[in-house]
Amino acid sequence: MSGTVRLTAAQALVRWLAAQRVEGGARLFGGVWAIFGHGNVAGIGEALHAHRAELPTWRAHNEQAMAHAAIAYAKAHMRRRMMACTTSIGPGATNMVTAAALAHVNRLPVLLLPGDVFVSRAPDPVLQQVEAFHDGGISANDCFRPVSRYFDRIVHPEQLLTALPRALHVLTDAALCGPVTLAMPQDVQTMACDWPEAFFEPPVVRFGTPAPIDEELAEAAAALWRSRRPLVVAGGGTLYGLATDALKRFAETHGVPVAETQGGKGSLAWDHPLQLGAIDVTGSPAANALARDADCVLAIGTRLQDFTTGSHSLFPQAKLVSLNVNGFDALKWHGAMLRADARRGLEALSGALSGWRADDA
């Protein structure tokens with residue numbers, strides 16, 4: 001057939017991963033962590049070996065640890081590059097569930113490719129099936145559903161034509177970002193079909209930076225205009241939004257001190273005079289003292305969890321303005337919601353606050 005190439009599902013998957021590029025030409029996927037066994041060695045393993053020059057495979061000794069390493073890679077690259085992880089069927093796969101939960105909670109991208117039981121069920125029950133009495137379609141990989149931003153079980157090779165673009169959207173979208181699980185049954189991995197060659201020539205991956213909504217910007221600016229003792233709490237979204245320079249300009253222009261969450265560490269240089277250090281449970285006395293005295297808290301790219309808010313006891317007296325690309329997080333603690341990319345949100349907010357500064361004291 002003209003314009004197609006015949007590949008197995010595993011070969012198509014690996015070729016597609018190797019083809020993804022970000023602006024500047026770097027590969028989106030830095031490599032694949034792997035522990036091979038039944039369920040992935042004959043399919044994905046063979047495909048990875050053929051593409052080892054473009055998509056290196058890193059052998060591991062523990063599935064949870066390799067997935068954590070992949071998460072660290074994504075965090076170090078500010079969610080602009082990532083890795084995949086492949087495992088065997090059964091306990092090899094479920095060893096990654098804890099790491100999937102970590103990535104889910106922290107909004108970090110990782111592609112999980114656990115092997116799965118035969119779709120044909122011909123060799124049942126030799127491949128470590130769960131053997132649920134009430135549901136013949138359940139496998140160990142269903143454990144990933146609640147801790148995946150997107151989950152799919154590929155029961156026919158051509159499903160990858162839609163599943164992979166959906167997975168990529170979740171992995172690279174600032175608001176949806178998190179772990180993606182594509183469960184790959186062993187027999188499906190080795191099924192061949194004709195693939196459109198254009199599928200392996202994808203466009204460059206671009207990371208969106210949504211601008212703030214005018215009405216939300218006006219409300220956020222009004223809250224800060226009324227404040228005299230504001231405090232910025234910078235979370236991981238400050239880093240992932242490449243907003244550190246914008247934060248520095250905002251803090252200096254408006255005289256607002258900055259505290260950091262664990263995820264936001266490094267948002268402002270450690271020796272900057274407006275840097276207070278970490279906040280709350282693992283925080284500094286300076287940050288916590290100013291938080292208890294603040295009349296307005298501008299939370300940037302933070303999930304506002306217990307370690308940051310003292311389970312909502314650290315700054316309950318303050319008006320909360322939550323700048324976050326994710327509306328789910330921006331809504332927390334009934335604050336004024338400012339849904340936007342951290343950098344663009346800070347720049348717009350600073351423009352709306354022209355002439356305003358916190359009290360020097």
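First, the ground rules. Residues are numbered from 1 along each chain as its sequence is written, and side-chain values use heavy atoms, with hydrogens and water left out. Because the model is predicted, local features need pLDDT of at least 70 and side-chain atom pairs count only at pLDDT 80 or more, while totals for chains, interfaces and linings use all residues.

Now the sheet. Six strands form an open sheet, ordered β3-β2-β4-β5-β7-β6, with parallel pairing. Strands here are DSSP runs of E, at least two residues, and helices are runs of H or I, at least four, numbered from the N terminus; two strands pair if DSSP finds at least two bridges between them. At the edges sit β3 (57–59) and β6 (150–153), each pairing on one side only. Further in, β5 (residues 110–116) and β7 (residues 179–185) pair over five bridges, and Leu111 is opposite Val180 in β7.

On to charges. A salt bridge means a side-chain nitrogen of Lys or Arg within 4 Å of a carboxyl oxygen of Asp or Glu. The structure holds 12 of these. One joins Arg339 and Glu216 at 2.4 Å, N to O. Arg339 is in strand β14 and Glu216 in helix α8, 123 residues apart. Which of the two is buried? Buried is under 20% relative accessible area, exposed over 50%, partly exposed in between, with a 1.4 Å probe and protein chains only. Glu216 is buried, because its value is 9%; Arg339, at 34%, is partly exposed.

Finally, a salt-bridge network links Asp116, Asp142, Arg145 and Arg153.
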